[in-house]
Amino acid sequence: MDFEFGEKEEKLRREIRNFVKEELPPGYFSLVAEEESSDEEWEFAMSIAKKLAKRGWLTMAWPKEYGGQGASIWEQAVYGEEVGYWGIPGTSMGVSGVGWVGPSLILFGGEEQRRKYLPLIASGEPDGVWCTAYSEPNAGSDFANIQTRAVREGDEYIINGQKTWTSAAHRARWCWLAAKTDPDAAKKHRGISLFIMDMKSPGITVRPILGYSGVHIINEEFFDNVRVPASNLVGEENKGWYLLMQSLAFERASFGVGLYGSNRRILDEIIKYAKETQCRGKPLSCNPLVRHKLADRAIEVETLKLISYQTLWKTSQGIVPVYEPSRDKAYGDLVMERLAITGTEILGAYSQVPSPSKWAKLRGCVERLYSFAPAMKILSGTDEIERCVIGQFGLGLPKSY
Ligand SMILES: Cc1cc2nc3c(=O)[nH]c(=O)nc-3n(C[C@H](O)[C@H](O)[C@H](O)COP(=O)(O)OP(=O)(O)OC[C@H]3O[C@@H](n4cnc5c(N)ncnc54)[C@H](O)[C@@H]3O)c2cc1C
């Protein structure tokens, strides 16, 4: 089995590494979604997104007519891996347009919608930033239970309701919204539709939900008679469920090799720290306990790479992965959690100090990882739900109750 990439992919890898050297401060590393927190980090992330867009990398997988490069799956894999490894900002959740809105529009959006929204996303400009509003106070894993209503009135829909846990709603120009159009449908998933909502519309209130250490990534939104043009309905009314399931599959798959890349980088950083840090006159890395833990993490990180490659390989063979994105995401979450614990054990009290304190080690990445790992196991479908998918579609078990 040969896991080497071809010359085209390796050339791209070199170009991305040069880009990192030229555009990011030395030793730069940001963890997932960090960039959405402070205004300064957001501005920086957006400036990088524009540069990535200029090189055609931001949406390289898309067809050329919509602002892409028609890149191969393996070129995308290299890009995803490098983005994850170097923590290149401007590429993660705030630009969810790249990860799942764009691919969904390419697959099932109307031609007018494609022509309007895809070039905006591909531009890397703030007008191409999206948020995704599915979850509500009583609808998370039980997605079909959403209560936000969309009622048709002439050539508009009137939206009322509440969404919660929406990443980047405070940054987004557009919202990928799931709403109920037929509350009396015999089965609740049959009365759901998918909309594109302009976040500048009157009647939208966005409130922050602050995470650990005051980090602001997620929000709740209230919709009070928000008017959405009927042309912003994606697909057919009441048939949004099937589109949303596809969009969720894109979302889970978008973590893929990127999660391997970021975990690999953190492992490399911790290994370097263990080699450079002295304990009782010897490097920490001489301690058998430290070495065993690092070896365990290395096995896991490499396993994550291999299963992620397998999913990509299947896609390259025309096989649509069904349970694999759930498997890769659930395993990636586990690897991240274990790395966070190992990093905390090795850094000791320094692991508690966040960036930009002068006492923070490794740019505070272990502290950040430790506080974000539990959230990773929830967003985009909880680990339990991912395991339900693996059980049903990977192992042929009956549907769970
Ligand atoms: C950082 C972060 C960012 C997020 N961003 C977004 C976003 O941008 N847009 C958005 O719409 N949502 C977002 N979410 C919300 C996320 O999708 C939901 O939190 C998630 O789907 C779980 O829903 P819930 O919180 O309502 O928990 P619940 O569904 O109430 O689940 C509670 C617990 O019960 C378990 N459980 C539920 N049903 C089952 C079952 N059938 N079998 C086994 N176990 C089950 C769950 O696994 C979980 O442990 C985000 C969440 C986080 C943490």
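Trainee: What should I know before I start?

Mentor: Residues are numbered from 1 along each chain as its sequence is written. The model is predicted: local features need pLDDT of at least 70, side-chain atom pairs count only at pLDDT 80 or more, and totals for chains, interfaces and linings use all residues.

Trainee: Which domains is the protein divided into?

Mentor: Domain bounds come from an automatic or database domain assignment. Here they give domain 1 (7–92), domain 2 (130–239) and domain 3 (255–394).

Trainee: How many residues of domain 1 are in contact with domain 2?

Mentor: Two residues are in contact if their C-beta atoms, placed from the backbone, lie within 7 Å. Four residues of domain 1 touch six of domain 2. On the domain 1 side, two are nonpolar, one is polar and one is charged. For these classes, Ala, Val, Leu, Ile, Met, Phe, Trp, Tyr, Cys and Pro count as nonpolar, Asp, Glu, Lys and Arg as charged, and the others, Gly among them, as polar. The C-alpha centres of domain 1 and domain 2 are 29 Å apart.

Trainee: At what angle do α4 and α5 pack?

Mentor: Start with the terms. Helices (H or I, at least four residues) and strands (E, at least two) are DSSP runs, numbered from the N terminus. Axes are lines fitted to C-alpha atoms, for helices over the stretch in contact, and angles run from 0 to 180 degrees between N-to-C directions. Helix α4 (residues 96–108) meets helix α5 (residues 111–123) at about 160°, with axes 10 Å apart. So α4 is roughly antiparallel to α5. Angles under 35 degrees count as roughly parallel, over 145 as roughly antiparallel, 65 to 115 as roughly perpendicular and the rest as oblique.

Trainee: Which residues of α4 and α5 meet?

Mentor: From α4 come G97, V98, V101, G102, L105 and I106; from α5, Q113, R114, Y117, L118 and I121. Seven residues of this contact are nonpolar, three polar and one charged.

Trainee: How is α9 placed against α10?

Mentor: The axes of α9 and helix α10 (residues 365–376) come within 9 Å and cross at roughly 150°. That makes α9 roughly antiparallel to α10. Contact residues include M336, L339 and A340 of α9 and V366, L369 and Y370 of α10. By class, the contact has nine nonpolar, two polar and two charged residues.

Trainee: And what is the angle between α9 and α11?

Mentor: Helix α9 (residues 324–347) packs on α11 at about 140°, with axes 9 Å apart. The two are therefore oblique to each other. In α9, S326, R327, K329, A330 and D333 meet D383, E386, R387, V389, I390 and G394 in α11. This contact divides into three nonpolar, two polar and six charged residues.

Trainee: Where does the ligand lie?

Mentor: A residue is near a molecule or strand if its C-beta atom, placed from the backbone, lies within 6 Å of it. 22 residues surround the ligand, and the closest are Y134, G140, S141, T382 and E384. Domain 2 and domain 3 both give residues to this shell, so the ligand lies between them.

Trainee: Which elements supply at least two residues of the shell?

Mentor: β1 (130–133), β3 (156–167), β7 (216–229) and α11 (383–394) each do. The shell has eleven nonpolar, nine polar and two charged residues.
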